[in-house]
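Dear colleague,

Please find below the structure I am handing over to you. My notes on what was found in it follow directly after.

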Amino acid sequence: MDARPKMIYLPDTMINWPWPRAINPHFEDVKAEVGASFRDFRALSPESQAAFDKCDFEHIRIGCELMNVFFLLEEYTDNENGAVTKDIVDLVIDALHNPHKIRPEGESIIGEIARQFWARAIKTASLSSQRHFLETFTAYLHSVVVEALDREQGHMRSIDDYLKLRRLTIGATPSFAICEMGMDLPDEAFYHPAIVELVECSTDMIIIGNDIVSYNKEQAAGSDGHNLISTIMLELGLDIGGAIAWAAHYHAELQKRFIDGLAKVPSWGASVDVLVKEYLDGIAIWPRADTCWSYEGQRYFGTRGPEIQQTRLVPLLPKAKCIIA
């Protein structure tokens with residue numbers, strides 16, 4: 001007999017977050033343009049393409065195309081072993097570092113998609129943002145290989161070790177580069193400990209929000225080994241509700257750390273301070289955006305997202321041998 005709960009309660013972790021939901025006024029036009037060009041690659045199976053078409057991605061073109069690359073990487077590596085995943089990661093890294101080089105014949109289409117994405121991005125992105133993106137996205141790619149090895153070996157991490165890896169596999173820091181592509185944010189600001197702490201707080205909030213809403217689908221598919229809720233349950237001996245409550249409490253602590261941390265950001269002069277504020281506003285809105293996408297898209301809850309966002313209750317899915325991601 002299955003003693004698990006029939007319903008999962010999803011706490012509203014963002015209820016007190018002061019950055020509200022907002023939509024870029026150019027979103028619909030850019031979404032249609034990028035979506036059409038992405039479909040031309042025929043990189044997904046019909047089922048995965050249908051799931052992709054239901055998702056609303058970031059607002060500006062570079063952001064939209066980056067989300068496409070993330071989506072494909074997940075689609076192509078989520079069920080692969082470490083060796084296959086490394087091959088995919090290596091070709092993406094090569095494509096990013098050689099955006100004007102023709103990709104080899106017979107190579108996975110993800111290489112060409114990554115190449116075209118970066119070839120367009122470098123036309124308008126500041127040099128500093130390009131450096132920051134390549135650094136953080138490469139770290140993300142290598143972490144995807146580590147995740148694949150963990151999955152292949154059935155390795156479960158401690159909460160601390162999981163968060164260290166998840167801060168990379170979540171893909172937040174390369175995504176934050178979108179917020180600085182229109183500015184020359186100096187390294188002394190970008191790498192300052194106060195800024196790094198705020199980036200980590202935002203990243204951890206995104207991790208918690210994502211892992212809470214994705215847990216149900218992942219546990220049903222048997223792919224919840226790389227999920228904070230499973231990690232908490234294993235290490236602390238908690239049930240699903242207890243693990244989610246633990247994560248929500250940590251989320252509240254992160255919000256306070258972020259707000260308090262803003263007061264610790266130094267001044268680099270008026271011209272840089274205005275850039276820093278814009279960048280920090282961008283990383284502050286990201287947890288809100290991720291939460292909105294989780295419920296308003298159909299990746300985790302189908303068409304019931306808005307309803308579940310109101311009731312905060314979702315039926316626990318039964319274990320299945322296979323579930324389409």
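In this predicted model, W17 and F258 are both buried. W17 belongs to the loop between β1 (7–9) and α1 (27–39), while F258 is part of helix α12 (residues 240–262). The two residues are 241 residues apart, and their pair links distant parts of the chain. How are the two rings arranged? A pair of aromatic rings is described by the distance of the centres and the angle of the planes. For W17 and F258 the centres are 5.4 Å apart and the planes stand at 65 degrees; as an angle over 60 counts as edge-to-face, the pair is edge-to-face.

A second aromatic pair is formed by F190 and Y279. Here the distance is 6.1 Å centre to centre, with 45 degrees between the planes, and the pair is tilted. F190 is located in helix α9 (residues 187–190) and Y279 in helix α13 (residues 270–296), so this pair ties together parts that are 89 residues apart in sequence. F190 and Y279 are likewise buried.

The aromatic pairs in the model come to 17. Ring pairs also join F70, F117, W118, F133, F137 and Y140 into a cluster.

I turn next to the helix contacts. Helix α3 (residues 61–77) and helix α4 (residues 82–97) have axes that come within 10 Å and cross at roughly 155 degrees. Since angles over 145 count as roughly antiparallel, α3 is roughly antiparallel to α4. Their crossing is right-handed.

From α7, the residues in contact are Y162, L163, R166 and R167; from α10, they are E200, T203, D204, I207, N210 and D211. Which classes of residue make up the contact of α7 with α10? There are three nonpolar, two polar and five charged residues in it.

With kind regards

How values were computed
Residues numbered from 1 in each chain as written. Predicted model: local features only at pLDDT ≥ 70, side-chain atom pairs only at ≥ 80, totals over all residues. Heavy atoms only, no water. Axes fitted to C-alpha atoms, helices over the stretch in contact; angles between N-to-C directions. Helix = DSSP H or I, 4+ residues; strand = E, 2+ residues; numbered from the N terminus. Parallel < 35°, antiparallel > 145°, perpendicular 65-115°, else oblique. Left-handed = near helix turned anticlockwise from the far one by under 90°. Phe/Tyr/Trp six-rings, centres within 6.5 Å; stacked < 30°, edge-to-face > 60°. Buried < 20%, exposed > 50% of the residue type's maximum accessible area, 1.4 Å probe, protein only. Contact = heavy atoms within 4.5 Å. Nonpolar A, V, L, I, M, F, W, Y, C, P; charged D, E, K, R; others polar.
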